[in-house]
Amino acid sequence: AFLSAACLIMLFAFGFTAMSKHAPNPGAFYSYITIGLGRHLGLGSAFVAIMAYFFMTFSIYCYAGISYTALSESALGTSLMPWWGWSFLIMALVAVLGYLKVTLSAAVLSFALLLEVLLVITWDGTVFVTNGVSNFSTEWLSLSNFTSGSVGVAILLAVASFAGFEATAIFREEAKDPEKTIPRSTFLAVGTLAVLFIITAIAYITAYGAPTVISATQADPANAILNSVRQYLGNAGASAMNVLLCSSIFACLLAMQNILSRYVYSLASDRVLFRKLAEVHPKYQSPHYASILVSVIAAVTIGICVLNDVDPYKGYGGLGGVGGYALMLLQLLTAVSIIAYFAKVKHTYSWWRAYLAPGLAAVGLFSTSWLATTNMELLTGDTTLAYSLMGLAFAL
């Protein structure tokens, strides 16, 4: 499933990166759909994108509260505050870093990401070395095994795991030589994720053994990975995994803060939102007013969730699922807009990059979106909430 998703995203990336120099605004999906399919559809997609990223941000703040509470209880025996207290504390730190220069956020993200990847690679390597070549089996890797389960749902969730790779184009104005660095970073991001996902999935199967991996996962789905890390890396490895899970959540929220700030900045630059939001800080060169607005909206929304006693688990599943679903539809629109744009302008790109790759990506994304629509309860956990939030997003 991860391999299939990676191929689909790679196909999309060929046209996506080709469009990067033709859409100078840092709006990614918004900019691409605007120049390909028109301003009205582009503007609508911008609001859908903002809503999608906000939904995902709110979702992750709920998950952050859960995870940091668990970490506190594990380390100290008790949580120092309720889940929403941790959410607001992390929100304050994210707001400060989002206000400052993006290179500082990049440094924090890079450090957290490096530690997380190193731990995953260490666990993968330990699993393979411990089991040895003689015990390594690929009997499970068969077409009958792949088609015996919920193939469509598996691919759907795998595609959702790549969400966020389009951020490379969002930071266009802050990139050095964007015509080279955006394509390079996009393919590098997708390729690295694909390799890590695929190898780690194989390591997970190997860790439990193909005959028992499904039953072990079903018996304790929340802790199956952590139990395997404890088995191969000991209690220290499991503790490190808990800490790095929390650091990855923080890094994800910081990335979302910066993405949303630049979407708001892009719309303000186009005079869709208040012009003040398009101002850049004279010292930090960041869209500071846009970042402040994002922080205020996040604080108010989480506050409303707390006042209404929203279950953070339901908030995490419902909001995140809807956000991922909306982004998937935007990817589909973007793939179509790439073909439409190159069909009406002169360009030097090959037929493969301008038409065939984005066309195949559009077919794949349409199929995945259809799977998401027909499996909305599995994707979000609450179809009523999902349809209500989607109605709000598309109405805007």
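Q: Which residues in the largest nonpolar core touch the most other members?
A: That would be Tyr53 and Tyr263, in a core of 88 residues. Bear in mind that this is a predicted model.

Q: Okay, and which helix gives the most to this core?
A: H3 does, with 15 residues.

Q: What is tyrosine 53 in contact with, leaving aside its neighbours within four places in sequence?
A: Quite a list: Phe29, Glu166, Ile170, Met256, Ile259, Leu260, Tyr263 and Leu327.

Q: Which residue has a positive phi although it is not a glycine?
A: Aspartate 309 does, at about 55 degrees. For context, most residues other than glycine have a negative phi.

Q: Where is aspartate 309?
A: In the loop between helix H12 (288-307) and helix H13 (312-344).

Q: Is aspartate 309 buried or exposed?
A: Exposed: its relative accessible area is 69%, and the cut-off for that label is over 50%.

Q: Switching to charges. How many salt bridges does a search of the whole structure find?
A: One. The side chains of lysine 276 and glutamate 279 meet in a salt bridge, at 3.4 Å from N to O.

Q: How accessible are lysine 276 and glutamate 279?
A: Lysine 276 is partly exposed at 45% relative accessibility. Glutamate 279 is partly exposed too, at 34%.

Q: Last topic, the surface. Which residues form a nonpolar patch there?
A: Tyr289, Ile292, Val296, Val300 and Ile304, with about 410 Å² of accessible area together. A general point on helix geometry: an α-helix has 3.6 residues a turn, so residues three or four places apart point the same way.

Q: Where does isoleucine 304 sit, and what is its relative accessibility?
A: Isoleucine 304 is in helix H12. Its relative accessibility is 46%, so it counts as partly exposed.

How values were computed
Residues are numbered from 1 along each chain as its sequence is written. This is a predicted model: local features need pLDDT of at least 70, side-chain atom pairs count only at pLDDT 80 or more; totals for chains, interfaces and linings use all residues. Side-chain values use heavy atoms; hydrogens and water are left out. Helices (H or I, at least four residues) and strands (E, at least two) are DSSP runs, numbered from the N terminus. Buried means under 20% relative accessible area, exposed over 50%, partly exposed in between (1.4 Å probe, protein chains only). A salt bridge is a side-chain nitrogen of Lys or Arg within 4 Å of a carboxyl oxygen of Asp or Glu. A nonpolar core is a set of buried Ala, Val, Leu, Ile, Met, Phe, Trp, Tyr and Cys residues joined through side-chain atoms within 4.5 Å. Contact means heavy atoms within 4.5 Å. Patches are made of residues with over 30% relative accessible area and no salt bridge: like charges are joined within 9 Å, nonpolar side chains (Val, Leu, Ile, Met, Phe, Trp, Tyr) within 5 Å. Accessible areas come from the Shrake-Rupley method with a 1.4 Å probe; for residues, only the protein chains shown count as cover.
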